[in-house]
Amino acid sequence: MAIKSCRLSVDGKRVMSIKEFKRWLKTFDADKDGKISREELEDAMPGGWFTRWKGKRGIRSADADGNGFIEESEINNLVEFAQKYLGVKILQL
């Protein structure tokens, strides 16, 4: 499932609030442990051969403690990654 939003910014990026981003991200927490693994993050991104690379890169960018998971305290790191590499504009409302 790709990041989807009905709102687009002037520059063509999808726009969502941080609350919407967190809610969307939690839908991929398959085992409901409150953390997002690389595999779960790959499922959250658009398909294609590039997906595995983006999943690994997303985890490395966001995983501050190096445990291989994105936890609640690391969500803002993932927000930065999504804005830079996934064409999403996330509003800090």
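Confidence in the protein is highest in β3, at 90, and lowest in helix α2 (residues 38–44), at a mean of 77. Here pLDDT is the predictor's confidence in each residue, from 0 to 100. Helices (H or I, at least four residues) and strands (E, at least two) are DSSP runs, numbered from the N terminus. This is a predicted model: local features need pLDDT of at least 70, side-chain atom pairs count only at pLDDT 80 or more, and totals for chains, interfaces and linings use all residues. Residues are numbered from 1 along each chain as its sequence is written, and side-chain values use heavy atoms, with hydrogens and water left out.

Colleague: What is the average pLDDT of the protein?

Modeller: The average is 80, and 77% of the residues score at least 70. Where pLDDT is low, the predicted coordinates should not be read in detail.

Colleague: Why is the pair E72 and K22 called a salt bridge?

Modeller: The rule asks for a side-chain nitrogen of Lys or Arg within 4 Å of a carboxyl oxygen of Asp or Glu. The closest N and O atoms of E72 and K22 are 3.3 Å apart, so the pair qualifies. E72 lies in the loop between β3 (69–70) and α4 (75–85) and K22 in helix α1 (residues 18–26), so the pair ties together parts that are 50 residues apart in sequence. By this rule the count is one salt bridge.

Colleague: What makes E72 partly exposed?

Modeller: Its relative accessibility is 44%. Buried means under 20% relative accessible area, exposed over 50%, and partly exposed in between (1.4 Å probe, protein chains only). K22, at 26%, is partly exposed too.

Colleague: Which residues does E71 contact, leaving aside its neighbours within four places in sequence?

Modeller: G34, K35 and D65. Contact means heavy atoms within 4.5 Å.
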